[in-house]
Amino acid sequence: MLETDRLIIHEISQADIQQFLALDSDGDEMTSYLNALPEDVVQDALQNTNAVLDFVRMLASLRDESDMKRYGAWNRAGDLVACVGLTSWSTGTPELQITVAESQRRCGYATEFLQCLLPWIFQNSDTEYIVYRLRKGNDPSEKIVQRLGGVLQEPKSKLEALTIATYHVYRN
């Protein structure tokens, strides 16, 4: 489908992406991250039903397998080095998730992958922008979205402000 100097990019099956994600250990890190939220923010979120619902809707949209497009990037040796899921595709504002294999992180694959894939997506869809959410403190992801020209959005609640940074990457 697409190629760069180092990567071959094409759609990926659900089975391949699940096998790839099973190797990623981010789950424990995310649990400890959420457990470290300040109690006053949690209490404020619980009192603000809309903030809780928005946060839960956002998390649920990331898990909606029926409304996702998936792409993989393989290096020239044939190793799957990264995968991208675009959820909420039918809404016209898909949300991007990217995972890079632990052994391949900080090699520039994520940036190279997205710099190739996103223009292709914009050329082949009516999408005006893609939502790129990242966990606060995830400096590598923040550098990637900044390289892509992502525009930071205002948080919708105190909970979101402490946990997630939301960027929009616009069609050029």
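A: Here is a tour of the salt bridges, pair by pair. Keep in mind that this is a predicted model. The structure has four salt bridges, and we'll visit some of them, including the one between E3 and R76.

In that pair, the side chains come to 3.2 Å, N to O. E3 sits in strand β1 (residues 2-3), while R76 is in the loop between β3 (69-75) and β4 (80-87), so the bridge links distant parts of the chain, 73 residues apart. E3 counts as exposed because its relative accessibility is 54%, and the cut-off for that label is over 50%. R76, at 45%, counts as partly exposed.

Next up is R6 with E112, where the closest N and O atoms are 2.7 Å apart. R6 is partly exposed at 30% relative accessibility. E112 has 16%, so it counts as buried, since buried means under 20%.

Last, let's look at E95 and R133, which form a salt bridge with their closest N and O atoms 2.9 Å apart. Here both partners lie in strands: E95 in β5 (residues 95-100) and R133 in β6 (residues 129-135). That means the pair ties together parts that are 38 residues apart in sequence. E95 is buried, with 9% relative accessibility, whereas R133 is partly exposed at 24%.

Notes. Residues are numbered from 1 along each chain as its sequence is written. This is a predicted model: local features need pLDDT of at least 70, side-chain atom pairs count only at pLDDT 80 or more; totals for chains, interfaces and linings use all residues. Side-chain values use heavy atoms; hydrogens and water are left out. Helices (H or I, at least four residues) and strands (E, at least two) are DSSP runs, numbered from the N terminus. Buried means under 20% relative accessible area, exposed over 50%, partly exposed in between (1.4 Å probe, protein chains only).
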